[in-house]
Every structure is written in C-alpha cells, then in structure tokens.
Amino acid sequence: MAAGQNKTRKRPSPLQADGIEDDRNHHLTGPFLPQTPLGATTPVRSTSPAFASAFAAQRAKRSVFVRWAIDPILSFQLLLLPVVLYLNWELLAPYVDPGIQNPFGNLFKLTGHIPTSSPDDPRYQKTWWDLAFLAYYIVFFSFVREALALKVSQPAAKYFGLKRESKIDRFSEQTYAMFYFMVFGTWGYFVMAGLPTYWYRTADFWVGYPHWDMEPQLKRYYLMQFAYWLQQLIVLVLGLEKPRKDYTELVAHHIVTLWLVGWSYLVNMTLIGNAVYMSMDIPDAFLAFSKLLNYIQWDTAKVFAFAIFVAIWTYFRHYLNLVILWSVWFEYSSMPEWTRKWSWSEGVYMPDWMRYQIFLPLLLLQILNLFWYYLIIKVLIRAVTSIASDVTDDRSDDEDEEDDQTDEKEE
C-alpha cells in the first residue's frame, strides 16, 4: 500500500469554519456536495457493517420509555390511548355523573379558557395542563416523523434512485423538515396576520404588555412549536438517530431555541415569539427543499432553488432578526411603566434586567445564523462556479463513505 494511503484524513471540528463546506457529514453543507451518480455501481451500505449492526442493536434494546420516539406503532398507540379514554368518558359519564368534567381532553385539547372573554373572541391563558399538552404532542411529532419516513420519504427516495441507507435517511429527514417548516411557516403567517404585530410592527411587541390572554390559534401554534423542538432535542440527546459531526452546533441551536420559546411563553412575550418563529421557519422550508433537489440530482433546479433560498434566508434570518434585536434594545422601554417589575400575581415579568435576558439568546441565535450564513454563501459560490465552468465532481456526501471503502479493502 502506498505511503499516502496510510495517512488518516483529518476532519474539521464541529465549530471550525475552515473545511466545513467540504464536510459530507455537516447538516447544512453536506447535502449540497456533489452526489454520486444515481444508479452508480457503489456499495449499497453507507456505513461499516460493525457500526450499522451496533447502532441497530442499540436501537432495538432501547427501553419502551424512549422507544416511542422511533417506533411509529408504539407512538400511535400512546396517542390513541387518551383519545379512547376521552371518548369512553363522553359516552359513559352522562349515565354516571352528568356534571363531572372529562379530564382526558386536557391532554390534547387547549386548556385555560378565560370565562370572561367574549364568545366571538375567546381567549386563553397559561395553565399547568400545558405541560401535558406538550408531552402529548412530543409523541405526536415522533409519530409523524417516523410514519412520514416509512410511508412517504423512503419510498420516494428509492423511486428517485437513492440506494444507500445514509442518503435515504437524510432524504427522509429533509422531507420531514420541509413538511414541518412549510406547514408551520404558513400557519405562523396566518397567526401573525391576526395580531397587531403584522408585518413586524415591532412597537406592538411592547405596547399593551402583558399579552397574557392569547387567541386560541396563537396558544396552540406556540405550544406545538415548543413540542416540536423538545422532540428534536430528545432524539438528538438520547442518540436515537445516527451520530452527526455537527452534533454540538445542533444541540446549541436547540437549547437556545427552547430557551427563547420557554421564557417568552412564561413571561407573556408570545407576540415577539411568533415573529421569531416566522423568521426561522420560512427559510428553513426552502433550505430543506434545496437539499432534496440536490439528493435527487436535479442540478439546475437545485441551484436556482438554492439562490432563492439564500435571498429568503438573508431577509428573514438576518434582516428581520436584526429588526427584532433593535426593537428589544431600543423599544423595550415603551412598555407600560407599571409592568416594569416581576410580579407573578399581576402576570408581569419585565424588570430592567429582562431586556438582556431577551436580547442575549436572540443575539446568540443571530451569531449562529451568521456562522451558517458564511457556509451558505460558500456553497452558493461553489454552485455558481460549478455551473459556469461545467466542472464535475464524483464525490459523494454519504456519511462514512470512506469507512465503507476501508472495510471493503479489509474484507
């Protein structure tokens, strides 16, 4: 064997910028690397047999208390149980005790209706039952993710000629991401359209605070977003899917996101929360779509889609987020003076130090977005240059492809 073949190729650390744009395993740049031609005579497996077997065995041995996150049948059964109990209660309770309230609906229906609100404009407040609602929809998103992969994404990936397990898995992840962000980006737009903050009228983040009485659509949207990100973090932290090279970045992103979601809901800042959600979800839908086009090698379409995505990302994730940061720093003081304190009984939580509590996680998220933006621009430059020069590259973005080749030589 040649001396050069004995050298181990170094890969960049998770937060090192140089070389990440060529890292096949990075969640942002990896899918945009040139693909192995569809139908090429390459090994079907994407990882070494030892690693694949060990990971499959590890998944199979998972306790039932966490296996629901990756088993659609088990998650569906968990979702069905409260519904069945709720319906049984509705059918039988009138004959036993007609006046007693059905407790099982609180698991999957909104709670906290304000009785004094108008029937034409019902309002909801926070309750402890929101925690049960979150738990139920964490299971719901686990079911949707796995069912979509089994019934839609994986068959579609095979239809388009993808063979390797890693590519099929990543194709499934991006299909789920596109579906989720497309639905919630649209939903978030319609939620904002009914709020005084449409379109990013930032002064209304603060005027009229505290916004503790929420429209039902806003509360449902907010809690389901919260459940989605909790489910994503659970899957990542418990290692329920194959390890990723950019694990640190993704964990940091999820933690900062949950920090923002949790605090904004707790302190009645859901209007600014909806604005942040919108700025994140819409560009992510276009990102996932661009990745899917690259996986199926629609090369011309993927470049145009990616260019559109870059423009949308720039506007939503940077311009609008900087507008929100400006508002936090300069318009914070426009809220009513009597709310500038921390009082559980009055539902106000805005002493002066809360300005920094709101500003800091948004700034951290913007820094992370700028890091990703740097990578995105490098990918865009490479894509445009590739089209201009008609350069071809037969590298694959499959995870652990180098390990495959090593294993075949050893065999």
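Colleague: Hi! Let me start with Asp-352: is Asp-352 buried or exposed, or in between?
Modeller: In between. This is a predicted model, and in it Asp-352 has a relative accessible area of 49%, so Asp-352 counts as partly exposed. The cut-off for exposed is over 50%.

Colleague: Which side chain does Asp-352 meet in a salt bridge?
Modeller: That would be Arg-340, with 2.9 Å from N to O.

Colleague: Nice. How many salt bridges are there by this rule?
Modeller: The count comes to eight. One of them pairs Glu-346 with Lys-341, at 2.8 Å from N to O. Glu-346 is partly exposed at 37% relative accessibility, and Lys-341 is partly exposed too, at 34%.

Colleague: And which residue does Asp-299 form a salt bridge with?
Modeller: Lys-302, and their closest N and O atoms are 3.5 Å apart. Both belong to helix α9, residues 299-330, and because they are three residues apart there, about one helical turn separates them. Asp-299 is partly exposed, with a relative accessible area of 42%, whereas Lys-302 is buried at 17%.

Colleague: Which residues are linked in a network of salt bridges?
Modeller: Asp-121, Arg-123 and Glu-215.

Colleague: Where is the kink in α4 centred?
Modeller: On Ala-149, and the kink is about 50 degrees. Just after α4 comes Gly-161, which takes a positive phi of about 95 degrees.

Colleague: Which residues other than glycine have a positive phi?
Modeller: Asn-268 is one of them, with phi near 65 degrees. Gln-297 is another, also with phi near 65 degrees. Most residues other than glycine have a negative phi. Asn-268 lies in the loop between α7 and α8, and Gln-297 is in the loop between α8 and α9.

Colleague: Asn-268 first, then: buried or exposed?
Modeller: Buried, with a relative accessible area of 2%. Gln-297, at 22%, is partly exposed.

Colleague: Now peptide bonds. Which residues does a cis peptide bond join?
Modeller: Tyr-198 and Trp-199 are joined by one, with omega about -25 degrees. Another joins Tyr-209 and Pro-210, where omega is about 10 degrees. Trp-199 lies in the loop between α5 and α6, and Pro-210 is found in that loop as well. Most peptide bonds are trans.

Colleague: What about the inside? Which residues touch the most other members of the largest nonpolar core?
Modeller: Trp-206, Ile-324 and Met-350, out of 77 residues in that core. Helix α6 gives the most to this core, with 11 residues. In soluble globular proteins, nonpolar side chains tend to be buried together.

Colleague: What does Ile-324 touch?
Modeller: Leaving out residues up to four places away in sequence, Ile-324 touches Tyr-200, Phe-205, Ile-272, Ala-275, Val-276 and Leu-362. There is also a second, separate core of 12 residues, and among them are Phe-306, Trp-313, Ile-376 and Val-379.

Colleague: Last topic, confidence. What is the mean pLDDT of the chain?
Modeller: The mean is 82, and 78% of the residues reach 70 or more.

Conventions
Residues numbered from 1 in each chain as written. Predicted model: local features only at pLDDT ≥ 70, side-chain atom pairs only at ≥ 80, totals over all residues. Heavy atoms only, no water. Salt bridge = Lys/Arg side-chain N within 4 Å of Asp/Glu carboxyl O. Helix = DSSP H or I, 4+ residues; strand = E, 2+ residues; numbered from the N terminus. Buried < 20%, exposed > 50% of the residue type's maximum accessible area, 1.4 Å probe, protein only. Bend = angle between axes of the 7 residues up to and from the residue. pLDDT = per-residue confidence, 0-100. Core = buried A, V, L, I, M, F, W, Y, C linked by side-chain atoms within 4.5 Å. Contact = heavy atoms within 4.5 Å.
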